[in-house]
Amino acid sequence: HSQGRRGCVMSYTLLCETTRTARKPHRCIWCWTRIEVGTQYIDERSVNDGDMQHHKWHPECNAAMIEEANEEGGPIEWTPGRDRPAAHQPTKEAEK
């Protein structure tokens with residue numbers, strides 16, 4: 001838990017996290033770029049401050065969020081559209 005606005009305690013509960021292979025395009029909640037058909041992604045269902053959530057993540061974006069949360073000592077607040085970790089972005093050589 002972490003302190004939110006006006007001292008309220010923020011809560012987060014992960015209900016289900018599954019690795020899937022995309023059958024249609026999706027959008028990653030972290031970097032807001034496409035999850036392409038045929039690629040693996042993480043399908044997450046959770047509750048944040050009492051609100052149900054259903055998010056899809058590139059695996060490397062999910063790892064980046066977890067790393068940042070661990071550095072901060074717990075759940076973090078962030079806005080979609082963060083940078084996708086460069087180590088996992090396709091290079092021009094790999095696209096050929």
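The questions and answers below go through some features of a predicted model.

Residues are numbered from 1 along each chain as its sequence is written, and side-chain values use heavy atoms, with hydrogens and water left out. Because this is a predicted model, local features need pLDDT of at least 70 and side-chain atom pairs count only at pLDDT 80 or more, while totals for chains, interfaces and linings use all residues.

Colleague: How many disulfides does a search of the whole structure find?
Modeller: A disulfide is a covalent bond between the sulfur atoms of two cysteines, and the test applied here is a pair of cysteine sulfur atoms within 2.5 Å. The search of the whole structure finds 0 disulfides. For C28, the nearest cysteine sulfur is that of C61, 3.8 Å away, and for C31 the nearest cysteine sulfur, also that of C61, is 3.8 Å away. C28 is buried at 0% relative accessible area and C31 is buried at 7%, yet the number of disulfides found is 0.

Colleague: Is H55 buried or exposed?
Modeller: H55 has its place in strand 7 (residues 51-57). Not counting residues up to four places away in sequence, H55 touches I29, I42, D43 and E44, contact meaning heavy atoms within 4.5 Å. Its relative accessible area is 18%, so H55 is buried.

Colleague: What is the phi of W32 near?
Modeller: Most residues other than glycine have a negative phi. W32 is found in the loop between strand 4 (26-27) and strand 5 (34-35), and at 46% relative accessibility W32 counts as partly exposed. Its phi is a positive value in a residue other than glycine, near 65 degrees.

Colleague: Where is D49, which has a positive phi near 50 degrees?
Modeller: D49 is a residue other than glycine with that positive phi, and at 43% relative accessibility D49 counts as partly exposed. Its place is in the loop between strand 6 (40-48) and strand 7.

Key:
Helix = DSSP H or I, 4+ residues; strand = E, 2+ residues; numbered from the N terminus. Buried < 20%, exposed > 50% of the residue type's maximum accessible area, 1.4 Å probe, protein only.
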